[in-house]
Amino acid sequence: MLTQRVQAILQSVNHLRPIPSNVTRVLKELENPKVSLGMIAEYIGLDQALAALVLQMANSAVLGYGRSCSSLNDAVVRIGVKRLKSLLLASVAVDSMNRQLSGYRLGAGELWNHSVGTAVTAEWAARALSYRDPEEAYVAGLLHDIGKLLLDQYVLSDYSQIILYVKKYNQPLWQVEEKLIGIDHARVGGLIAQRWGFPTVLIDAISFHHYPSAAHANPVLPAIVNLANYLTIKVQGSQQGLFCDEIHPDTFAILSLDDVRLERFQQRVMDVLGVSAS
Ligand SMILES: [Fe+2]
Ligand SMILES: [Fe+2]
């Protein structure tokens, strides 16, 4: 039996606005092998908000793009088709990811920074582990915590109890959410991804990013995100009491990791995220 609260959460997932038709149209065009980047730029230009986002991304230092670029054409060329697909998928959530999340004690922009860091780290880890599609890892990293957007208000109302379980009983946040709220942010994120029609591999990566072995069909991508989430928090540092996610023990087996390799990864991720060791 689902609790009333879980039912309310499921209902709010169903009430989320769908992906705007402008975005789905560009996504569809990107599948067309005959389409040119110029045409894609033109389609994006039809939607002001989308155009602004693509320009902002193309000029984002945190995404690793340097020089300023002012035309949509240049932006599309710079970003490239694969990355553009990821950004279009993420575009639905970008605005919300910048807002403050009081339940999770995240200031404005903090979830976004964590998400971008996890995306870049996941892409790097995917290459290091010879995962077949590093771009898939990038977008999974970017969106892994979208469930927090919806669960935040529930975490806020149960905050004192949640922090008690996390701190005193030393339980991972996602398990505490499951226990006290009835569902964790990873599952909620998976439901959101489903609602938005994301590919199954992405839905799984989001749903199981804290418990990769539960994804029977595709445990590798969830495990990469699990690892990237941990490394990003470790390397970026965070004072968030709720935010000290650990690696799931199964991730080691799924990715053939050991402590030595993990340590080496952490060193490399410092370079990748531009954080110098202190
Ligand atoms: Fe998470
Ligand atoms: Fe995370």
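Reply: The iron ion (ligand 1) is coordinated by Asp-145 through OD and by His-185, His-209 and His-210, each through NE2, at 2.2 to 2.3 Å; donors here are N, O and S atoms within 2.8 Å of the metal (3.2 Å for Na, K and Ca), and because water is not among the atoms, sites may look incomplete. Before going further, please note that this is a predicted model, in which local features need pLDDT of at least 70 and side-chain atom pairs count only at pLDDT 80 or more, while totals for chains, interfaces and linings use all residues. Residues are numbered from 1 along each chain as its sequence is written, chains are lettered from A and ligands numbered from 1 in the order in which they are written, and side-chain values use heavy atoms, with hydrogens and water left out.

The angles among the four donor atoms run from 83 to 172°, and the site of the iron ion (ligand 1) is irregular. That word has a rule behind it: four donors count as tetrahedral if all angles lie between 85 and 135 degrees, four count as square planar and six as octahedral if opposite donors are over 155 degrees apart and all others between 65 and 115, and anything else is irregular.

Along the sequence, the donor residues of the iron ion (ligand 1) follow the spacing D-x39-H-x23-H-H. Asp-145 lies in the loop between helix 8 (134–143) and helix 9 (147–157), whereas His-185 belongs to helix 12 (residues 185–195), so the pair ties together parts that are 40 residues apart in sequence; helices (H or I, at least four residues) are DSSP runs, numbered from the N terminus.

Asp-145 also bridges the iron ion (ligand 1) and the iron ion (ligand 2), which lie 3.6 Å apart. Asp-145 is buried, at a relative accessible area of 1%, and His-185 counts as buried at 1% as well, where buried means under 20% relative accessible area, exposed over 50%, and partly exposed in between (1.4 Å probe, protein chains only).

Asp-145 has a further partner, since Lys-148 forms a salt bridge with Asp-145, the closest N and O atoms being 3.6 Å apart; the term stands for a side-chain nitrogen of Lys or Arg within 4 Å of a carboxyl oxygen of Asp or Glu. Both residues of this pair, Lys-148 and Asp-145, are buried.

Arg-127 and Glu-123 meet at 2.9 Å, N to O, and both lie in helix 7 (residues 110–128), four residues apart, which is about one turn of the helix. Arg-127 is exposed at 52% relative accessibility, while Glu-123 is buried at 15%. Arg-127 and Glu-123 are also part of a network of salt bridges that links them with Arg-83 and Glu-135. In another pair, Arg-132 and Glu-136 have their closest N and O atoms 3.2 Å apart, with Arg-132 exposed at 62% and Glu-136 buried at 14%.

The rule finds four salt bridges across the interface of domain 1 and domain 2.

How values were computed: Helices (H or I, at least four residues) and strands (E, at least two) are DSSP runs, numbered from the N terminus.
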